[in-house]
Amino acid sequence: MEGLDAGQLTTLVSVAVGAGVFGGVLAGLLGVGGGIVIVPALYIALSLVGMEPAITMQVAVGTSLATIVFTSLSSAMGHHKKGAVDYGLLKLWGPSILVGVLIGAALGGIVSGLILMAVFAVVAALVALDMILRKPSQESEPRSFPKPVWAGLGVLAGAVSAMMGIGGGTVCVPLLNFLGYDIRRAVGTSAAIGFIIGLPGAVIYMITGWGADGLMPFSLGYVNLLAAAVIVPLTVIFARVGVSIAHAIPRRALRLAFGLFLALTSARMFADLYGQISALVE
């Protein structure tokens, strides 16, 4: 696409600012890397400025992953200071998550944007239901599983996260909580996992989108540097605000906040997906 006019530029920057602030708070609060906010926000902004629908979701996902590299570091450092990052789990889970990221990012760069929207909406809805309806585990110690099981879960979490453009918290937080991890420790560890997902994921989206038709100015493949430059400083700053909130509110409130937000996000994405499919059928 051609260069942006003043109105389009204002729209993009304004939405990016909002996504950066809100995404940063949620990154620290819920260990989600901010992508669960940034992807739909960027999707809406890029649609409003006239980007080709065929690549809008890819650019939203790729740009989100690039911002998560920095957000996850800020959030993880905050949780580390509060002793909420499980480094043994990172060592166990990290390699398999990386494999999943490579698979998911490669698929995300070549499949239809409608498929990415469907993956985003379905996973967010399932996680929302789990976090709202399931009673918190009373176990004080994590459940024990063989390493192959952990590896399989890691590949799945990494692949889904890379296709959704999220830092892993949307998948990893409820999964770790289900496996017996304290919700705050699950949030802190998932924040660190975000870096493992964001860096290779963003690089792959840059490569798969290189030279694609319809990209905005200041793009490296499916990563838009302008949007990322606006979002990153805000998410890094406000992630620390989210960390403070996460360690100050009741655990049940933390689960409900996570679940309700995901439910709203999923509903919005399903609505957009229905609209696009209806337009194609007509």
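## Thr 63 and its contacts

Setting aside neighbours within four places in sequence, Thr 63 is in contact (heavy atoms within 4.5 Å) with Leu 42, Tyr 222, Val 223, Asn 224, Ala 227 and Ala 228. You'll find Thr 63 in helix α3. Helices here are DSSP runs of H or I with at least four residues, strands are runs of E with at least two, and both are numbered from the N terminus. With a relative accessible area of 1%, Thr 63 is buried; that word means under 20% relative accessible area, while exposed means over 50% and partly exposed is in between, using a 1.4 Å probe and protein chains only.

A quick word on what you're looking at: this is a predicted model, where local features need pLDDT of at least 70, side-chain atom pairs count only at pLDDT 80 or more, and totals for chains, interfaces and linings use all residues. Residues are numbered from 1 along each chain as its sequence is written, and side-chain values use heavy atoms, with hydrogens and water left out.

## Ala 66, also in α3

Helix α3 covers residues 53–81, and Ala 66 sits in it too. Ala 66 counts as buried, at 11% relative accessibility. Leaving aside neighbours within four places in sequence, its contacts are Ala 202 and Val 223. Val 223 also turns up among the contacts of Thr 63.

## Where α5 meets α6

Helix α5 (residues 113–133) packs against α6 at an angle of about 120°, and the axes are 9 Å apart. Axes are lines fitted to C-alpha atoms, for helices over the stretch in contact, and angles between N-to-C directions run from 0 to 180 degrees. The two helices are therefore oblique to each other: under 35 degrees would be roughly parallel, over 145 roughly antiparallel, 65 to 115 roughly perpendicular, and the rest is oblique. The crossing of α5 past α6 is left-handed, meaning that the near helix is turned anticlockwise from the far one by less than a right angle, with clockwise giving right-handed.

On the α5 side, the contact is made by Leu 116, Val 119, Phe 120, Val 123 and Ala 124, and on the α6 side by Val 160, Met 163 and Met 164. By class, that is eight nonpolar residues, no polar and no charged. Ala, Val, Leu, Ile, Met, Phe, Trp, Tyr, Cys and Pro count as nonpolar, Asp, Glu, Lys and Arg as charged, and the others, Gly among them, as polar.

## Where α7 meets α8

Helix α7 (residues 169–178) and helix α8 (residues 183–208) have axes that come within 9 Å and cross at roughly 145°. Here α7 passes α8 in a right-handed crossing.

From α7, Gly 169, Cys 172, Val 173, Leu 176 and Asn 177 meet Ile 183, Ala 186, Val 187, Thr 189, Ser 190 and Ile 193 of α8. This contact has seven nonpolar, four polar and no charged residues.

## A loop residue, Phe 218

Is Phe 218 buried or exposed? At 59% relative accessibility, Phe 218 counts as exposed. Phe 218 lies in the loop between α8 and β1 (219–220).

The phi of Phe 218 is near 65°, a positive value in a residue other than glycine. Most residues other than glycine have a negative phi.
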